[in-house]
Amino acid sequence: MPGMFYIDKWYILLIVPCMLLSLLAQALVKSRFHKYSQIRNRRGYRGRDVAQMILRSYDILDVAIEPVQGQLTDHFSPKEKVLRLSEPVFAADSIAALGVAAHESGHAIQTEKHYLPNLIRQGIFPVARIGSSAGPWLAIIGLAMNAKTLFSVGILLYAAAVAFFIVTLPVEFDASRRAIHILDEQAILDPDELEGAKAVLKAAALTYVASAATALASLIRLLLLARERDEH
């Protein structure tokens with residue numbers, strides 16, 4: 001991120017609040033996941049069971065479910081057609097585990113149903129990956145050297161990364177919405193258990209909001225720094 005290079009007034013005004021929001025979000029998701037990972041669901045389902053049930057109910061039979069090391073490392077890989085659940089989720093029977101498993105299953109459903117924001121996200125990912133790492137550097141170097149073309153290239157690349165972060169929000173929100181609906185509709189969790197799953201997924205959603213806010217604030221900061229340079 002641009003904030004790694006030096007601190008200015010825009011860094012303090014734009015980036016620092018986003019960093020604080022990010023720290024809050026991370027602390028909240030860890031706290032809530034820990035809390036609800038201590039509470040077993042009444043029906044004894046495990047994370048892998050719920051993921052399998054959900055995929056089968058949507059006739060998604062070509063997606064493998066595998067364990068992956070780490071905590072909060074759960075993800076769905078559409079290219080490999082693999083849903084990977086972390087160790088505290090895969091074989092766990094907690095409310096938190098079921099909420100996360102259902103959320104990741106929601107991503108598999110999005111792919112199956114060609115959910116538009118998800119398609120857009122996948123489409124811009126290659127450019128966004130380059131833009132996230134190279135864009136800020138090129139823009140900062142362009143500013144330092146007063147090379148407007150280099151700055152513009154950096155901004156365009158980083159804008160793609162920002163777009164990726166922003167379009168990720170509806171994708172993640174929709175996956176959580178699907179998860180809660182399925183857990184309720186299929187009576188996997190009772191209403192009071194469902195509130196725990198909602199709390200975990202809402203906290204997780206806040207981390208994506210913080211990431212998007214930080215990326216957007218960084219882009220705005222670069223543009224403001226360029227404007228100040230042009231005015232002097």
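**Helix crossing and strand pairing**

The crossing of helices α4 and α6 is right-handed, a term used when the near helix is turned clockwise from the far one by less than a right angle. The contact (heavy atoms within 4.5 Å) involves Leu98, Gly99, Ala102, His103, Gly106, His107, Ile109 and Gln110 of α4. From α6, the contributing residues include Val171, Asp174, Arg178 and Leu183. This contact comprises 8 nonpolar, 6 polar and 3 charged residues, where Ala, Val, Leu, Ile, Met, Phe, Trp, Tyr, Cys and Pro count as nonpolar, Asp, Glu, Lys and Arg as charged, and the others, Gly among them, as polar. Helix α4 spans residues 95-112 and α6 residues 148-185; their axes lie 8 Å apart at an angle of about 115°. Axes are lines fitted to C-alpha atoms over the stretch in contact, and angles run from 0 to 180 degrees between N-to-C directions.

The model is predicted, with local features requiring pLDDT of at least 70 and side-chain atom pairs pLDDT 80 or more, while totals for chains, interfaces and linings use all residues. Residues are numbered from 1 along each chain, and side-chain values use heavy atoms, without hydrogens and water.

Strand β3 (residues 82-86) has 5 of its 5 residues buried, that is, under 20% relative accessible area with a 1.4 Å probe, protein chains only. Val82, Arg84 and Ser86 point one way from β3, and Leu83 and Leu85 the other way. Strand β1 (residues 64-68) runs parallel to β3 and is joined to β3 by 5 bridges, with Val68 opposite Ser86. Strand β2 (residues 75-77) runs antiparallel to β3, with 3 bridges; Ser77 has Val82 as its bridge partner.

Definitions and conventions:
Helices (H or I, at least four residues) and strands (E, at least two) are DSSP runs, numbered from the N terminus. Buried means under 20% relative accessible area, exposed over 50%, partly exposed in between (1.4 Å probe, protein chains only). Two strands pair if DSSP finds at least two bridges between them.
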